[in-house]
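Let's read a fold together, one feature after another. Have the sequence and the model open beside you as we talk.

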Amino acid sequence: MNWELLLWLLALCALLLLVVQLLRFLRADGDLTLLWAEWQGRRPEWELTDMVVWVTGASSGIGEELAYQLSKLGVSLVLSARRVHELERVKRRCLENGNLKEKDILVLPLDLTDTGSHEAATEAVLQEFGRIDILVNNGGISQRSLCMDTSLDVYRKLIELNYLGTVSLTKCVLPHMIERKQGKIVTVNSILGIISAPLSTGYCASKHALRGFFNGLRTELAAYPGIIVSNICPGPVQSNIVENSLAGEVTKTIANNGDQSHKMTTSRCVRLMLISMANDLKEVWISQQPFLLVTYLWQYMPTWAWWITSKMGKKRIENFKSGVVRPISKFLTNMYQSCRKVQNFPVFKKLSGWVQWLMSVIPALWEAKADHLRPGVQDQPGQHSKTPSLLKIQKVAGHGGARL
């Protein structure tokens, strides 16, 4: 066995592995670090038990689902939003389906735009539970309108609610965490805090501001390694965020969610959020394809991303003006779902089998080469015996051939 053949096999194996991983990326619904943490990292069931978790925006959507999943982990919950009756509904369901008792859940009405009330709300939580282990900044509102059709009041409300309200509450909780030298500040941002899209100029601005603020805050807290600052950036998720989105005026909303079948389920999004929290990840991207791929392009190939966004943006604006809100995203999602079916093709299964076979043969080849070079194991003249490693190669290759 010569070195040239061995190197060719190694190169072929590396190429096949790359192809397999690229095809698997089509099925990804989170960034690679997050998915690795899901596979090999710490479990939320181990890490988050017995913690005090304060969730804003807990009356619907991601915040509501987060409350339900946290209630099964045995945490103490603080549920905040403006609509008290909705918070009470969420609390009842947590008690029915979770592992909590009445004393483990505090319903705390909160208006993020009323920054003067945040200090008192923080004191109320500390008085009830004695500490705050995790603050989940989830409250916010979205926007669907063209810049030229949007009043300045809309931009002001988006900044006051999404950005300044979150910053204010964080500043109230942070001294307590610094005193204890531990805690987690988890902010539900958005993919639009990384990329930008038409019809959401104000929303994008508020989310970009949040990302910049918390990235900066993380550096200021470097002296407190026990305080974790995390940015969670979901893509399209099944919720009522579009229905409640602001239009051109503060008093107007979209009031139409449209078809959400192409979006990620809220339960899957929240599960990945919990994994991020359990593994102290600084920033995660949670989104199905093609939005995850577009995010990677914005991060690593911005020139291409600008070109793609410009092409898609024109079509999106045209559809919006004609009364269709999100047809292009659904089209792209369906396209990628069709591409994902390639993994069920016989050729893909054959390719995966070849990769596994090569991975089993190469170590045996390497061992055979070592045996051949080791003194005392070469065949004597006139003999035709085989080394144990060569016999192993034949055995592995035989099994591989039968499997393939």
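**Reading the sheet and its helices**

A: Let's start inside the sheet of this predicted model. Ser76, Val78 and Ser80 point one way from β2, Leu77 and Leu79 point the other way, and all of them are buried.

Q: How covered is strand β2 as a whole?

A: Mostly covered: β2 spans residues 76-80, and five of its five residues are buried.

Q: What holds strands together in a sheet, in general?

A: Strands of a sheet pair through backbone hydrogen bonds, in either a parallel or an antiparallel sense. Here, β2 runs parallel to strand β1 (residues 52-56), and five bridges join the two. Within that pairing, Val53 has Leu77 of β2 as its bridge partner.

Q: How does the chain get from β1 to β2?

A: It crosses through helix α4 (residues 61-71), and this β-α-β crossover is right-handed.

Q: And which strand does β2 meet through three bridges?

A: That is strand β3 (residues 105-107), which runs parallel to β2. Leu79 stands opposite Val107 of β3. The chain passes from β2 to β3 through helix α5 (residues 84-97), in a β-α-β crossover that is right-handed.

Q: What is the order of the strands in the sheet?

A: The sheet is open and has seven strands, ordered β3-β2-β1-β4-β5-β6-β7, with parallel pairing. At the edges stand β3 and β7 (283-286), each with a single partner strand, so one side of each has no neighbour in the sheet. From one strand to the next, the twist averages 15°.

Q: How many bridges pair β1 with β4?

A: Three bridges, in the parallel sense, with β4 covering residues 134-137. Look for Val55, which stands opposite Val136 in β4.

Q: Which strands does β6 pair with?

A: Six bridges join β6 to strand β5 (residues 183-188), and these two run parallel. Lys184 stands opposite Ile228 of β6 there. Four bridges join β6 to β7, again running parallel, and Cys233 stands opposite Trp285 in β7.

Q: Now the helices. How do α7 and α8 pack?

A: For a helix pair, read the angle together with the distance between the axes. Helix α7 (residues 152-180) and helix α8 (residues 201-220) pack at an angle of about 20°, with their axes 8 Å apart. Angles under 35 degrees count as roughly parallel, so α7 is roughly parallel to α8. The crossing of α7 past α8 is right-handed.

Q: Which residues make that contact?

A: On the α7 side they include Tyr155, Leu158, Ile159 and Tyr163, and on the α8 side they include Tyr203, Leu210, Phe213 and Phe214.

Q: At what angle do α10 and α11 pack?

A: Helix α10 (residues 291-300) and helix α11 (residues 302-321) pack at about 130°, with their axes 6 Å apart. The two helices are therefore oblique to each other. Leu297, Trp298 and Tyr300 in α10 meet Pro302, Ala305, Trp306, Ile308 and Thr309 in α11.

Q: Loops deserve a look too. Is Ile132 buried or exposed?

A: Ile132 is found in the loop between α6 (118-129) and β4. Its relative accessible area is 0%, and buried means under 20%, so Ile132 is buried. Leaving aside residues up to four places away in sequence, Ile132 touches Val52, Trp54, Thr122, Val125, Leu126, Val173, His176, Met177 and Arg180. Arg180 is 48 residues away along the chain, with the two C-alpha atoms separated by 9.8 Å.

Methods:
Residues numbered from 1 in each chain as written. Predicted model: local features only at pLDDT ≥ 70, side-chain atom pairs only at ≥ 80, totals over all residues. Heavy atoms only, no water. Buried < 20%, exposed > 50% of the residue type's maximum accessible area, 1.4 Å probe, protein only. Pairing = 2+ DSSP bridges. Right-handed = clockwise from strand over helix to strand, strands pointing away. Axes fitted to C-alpha atoms, helices over the stretch in contact; angles between N-to-C directions. Parallel < 35°, antiparallel > 145°, perpendicular 65-115°, else oblique. Left-handed = near helix turned anticlockwise from the far one by under 90°. Contact = heavy atoms within 4.5 Å.
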